Amino acid sequence: MTSKIAKSSIIIFLGNIIFSIGGYIYKFLMATLLGTVAYGIFTLTTPFQGIFQILSAGGLPPAIAKYISEYNILNEKDLARQTVFTALKIMIILGIFFGFIMVFFVAPWLANDIYHKPVALLPLQAVGLITPFSVIVGGFRGAFQGVYKMEYILYTRAIEQIVMILAATALVLIGLSTFGAVLGSVLGFAFSALTAVYIFKKYMRKYLPKPNKSFKFSFKEELKLAKKLIFFAIPVSITGLAEMGIYSICTFIMGIFLTSTVIGYFGVSDPIARLPLIVSGSLATTILPAASEAFASKDNNLLQKYVEESYKYGMFFVIPMCVGIAIFSKEILGLIFFTNAEYMNGSLALSILVIGMTFYSIYTISSSIVQGIGNPRIPMYILIIGCAITFVLGWYLIPIYGIEGGSLATTLASFIMMVPMFIIQFRLTKTTPPYKFLSKVTIASLIMAIPSFILPNNSIGLIIELIICPIIYIVMILLLRTLSHEDIVGLRKLTVKLGSLKKYSDKILNLIDKFSY
């Protein structure tokens, strides 16, 4: 993997790990402070935060990243900078509009007519206050992504999460309950937007310099640029909505058929199941502009390298993570939510759902590559079909099997989406799938799980398993000769960001290299 992809991916990956930990701290605090009933209401509101953020952004952040990377490689830096401001104008208008719609129309309809839970009204209305700030953050993050300054994305996310956790906790403690929890997100995005504006003005001049004095950009030309952005963004936006649908449709159906308490059990399981998406999401964030550059410059060898190694490095971590979480789901929930043993009732739903995240991780990487080479409609069509399948399965399975039925519906839909997306991506890029590598990783992950059938099913057993299972996995990876010499070279590039720990990682990689060859 080239240094650009390696460095960008490791930055996003490490950041995602940190923010996931912060996210679980936030979920833990909210689940503990709110209790199962109020947390169930909170679970019903969170999907609409994502849905209305996507509607407000209009799919423009990925479009910003794509066209900035293309204009920069073609040395058209004035157009690259103009892309940011043209997109932001569109996004701010959309943000204000959809915020108004959510507060005055959608929230009352959902709370009173669909869920028949009036207590959900204020939290749902608070979602509408997020959108004006989220679009500003999204626009600038697209700019940061387009010039591979992933650390700037992390800075804005850090401010967003810190403020959100502190504000939400304080507001819940003073008695605002679920409304206070959502209001904390509003404040988080507000401070994140201010941070994004500051970073762009002070640090992005090197990558997106002010236009030359000779640069003229008429209103007609801006409309032409806006049209180009919108044409790319519409399928991306629909894709984003459909992606939220895969996550949220079953939660929406649960709000109709199930009690708030049971929904609360699913609410704590869902974010843990998505943990493996940290890896695939980090790679997908970087591979989109990289694939776009390689495709635009017609460098087929570089595109082959990006595609192949995105899967290899992603699945090397994702598959064992999914297997581990599925097997130890009950112990994980008991350990994380030790203050309330009721949440362990979501363990079976977690086991089923995390398997689906393996399929969805492969889909995520495939769709990002396809978007990067200029085919955003293909992931859109597949996701729309996936949403329809999720809805049909969820509507049938949830009334019968509860939250486990919702997890099963999502998992089956993820598998159905993964298969065609995986095949189409390799046909479009004319690259070769790393089937042998994926098979060996799967075998190593399954063997890694054997101790779970021997050790006790409690917190002590979980701690022992967390120690020995990674060792078994690495040993099996070596015995199966899974990593090639080129993979070891790529891993060395990934360790550049480890600082003083790099010398130890190099020693380990040298031993692996000698053992394998």
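**Rings and helices: a quick chat**

User: Let's start with Phe316: buried or exposed?

Analyst: Phe316 is buried, as its relative accessible area is 12%, under the 20% cut-off. Keep in mind that this is a predicted model.

User: Okay, and what does Phe317 count as?

Analyst: Phe317 counts as partly exposed, with 33% relative accessibility.

User: Let's talk rings. How many aromatic pairs are there?

Analyst: The count comes to 29 aromatic pairs, taking rings whose centres lie within 6.5 Å. Take Tyr39 and Tyr343: their ring centres are 6.2 Å apart and the planes sit at 75°, so this pair is edge-to-face.

User: Where do Tyr39 and Tyr343 lie?

Analyst: Tyr39 belongs to helix H1 (residues 3-57), while Tyr343 is in the loop between helix H10 (329-336) and helix H11 (347-372). The pair therefore ties together parts that are 304 residues apart in sequence.

User: And what's the relative accessible area of Tyr39?

Analyst: For Tyr39 the value is 0%, so Tyr39 is buried. Tyr343 counts as buried too, at 1% relative accessibility.

User: Back to Phe316 and Phe317 then. What kind of aromatic pair do they form?

Analyst: An edge-to-face one: Phe316 and Phe317 are 5.1 Å apart centre to centre, with 85° between the planes.

User: Which residues share an aromatic cluster with Tyr39?

Analyst: Tyr39 is in one cluster with Tyr26, Phe28, Phe42, Phe337 and Tyr343.

User: New topic: which ring face does Lys66 lie over?

Analyst: Lys66 lies over the face of Tyr67, 5.6 Å from the ring centre. There's also Lys149, which lies over the face of Tyr152 at 5.4 Å from the ring centre.

User: Switching to helices. At what angle do the axes of H9 and H11 cross?

Analyst: Roughly 170°, and the axes of H9 (residues 300-327) and H11 come within 9 Å. H9 and H11 are therefore roughly antiparallel to each other.

User: Which residues meet there?

Analyst: From H9, they include Val307, Tyr311, Met315 and Ile325. On the H11 side, Leu350, Val354, Ile355 and Ile369 are among them. The residues of this contact divide into 15 nonpolar, five polar and no charged.

User: Last one: which helix does Thr364 lie in, and what does Thr364 count as at 15% relative accessibility?

Analyst: Thr364 lies in helix H11. At 15% relative accessibility, Thr364 counts as buried.

User: What is Thr364 in contact with, leaving aside neighbours within four places in sequence?

Analyst: With those neighbours left aside, Thr364 is in contact with Ser280 and Ala284.

Terms used. Residues are numbered from 1 along each chain as its sequence is written. This is a predicted model: local features need pLDDT of at least 70, side-chain atom pairs count only at pLDDT 80 or more; totals for chains, interfaces and linings use all residues. Side-chain values use heavy atoms; hydrogens and water are left out. Rings of Phe, Tyr and Trp (its six-membered ring) pair if their centres lie within 6.5 Å; planes under 30 degrees apart count as stacked, over 60 as edge-to-face and the rest as tilted. Helices (H or I, at least four residues) and strands (E, at least two) are DSSP runs, numbered from the N terminus. Buried means under 20% relative accessible area, exposed over 50%, partly exposed in between (1.4 Å probe, protein chains only). A charge sits over a ring if NZ of Lys or CZ of Arg is within 6 Å of the ring centre and within 35 degrees of the ring normal. Axes are lines fitted to C-alpha atoms, for helices over the stretch in contact, and angles run from 0 to 180 degrees between N-to-C directions. Angles under 35 degrees count as roughly parallel, over 145 as roughly antiparallel, 65 to 115 as roughly perpendicular and the rest as oblique. Contact means heavy atoms within 4.5 Å. Ala, Val, Leu, Ile, Met, Phe, Trp, Tyr, Cys and Pro count as nonpolar, Asp, Glu, Lys and Arg as charged, and the others, Gly among them, as polar.
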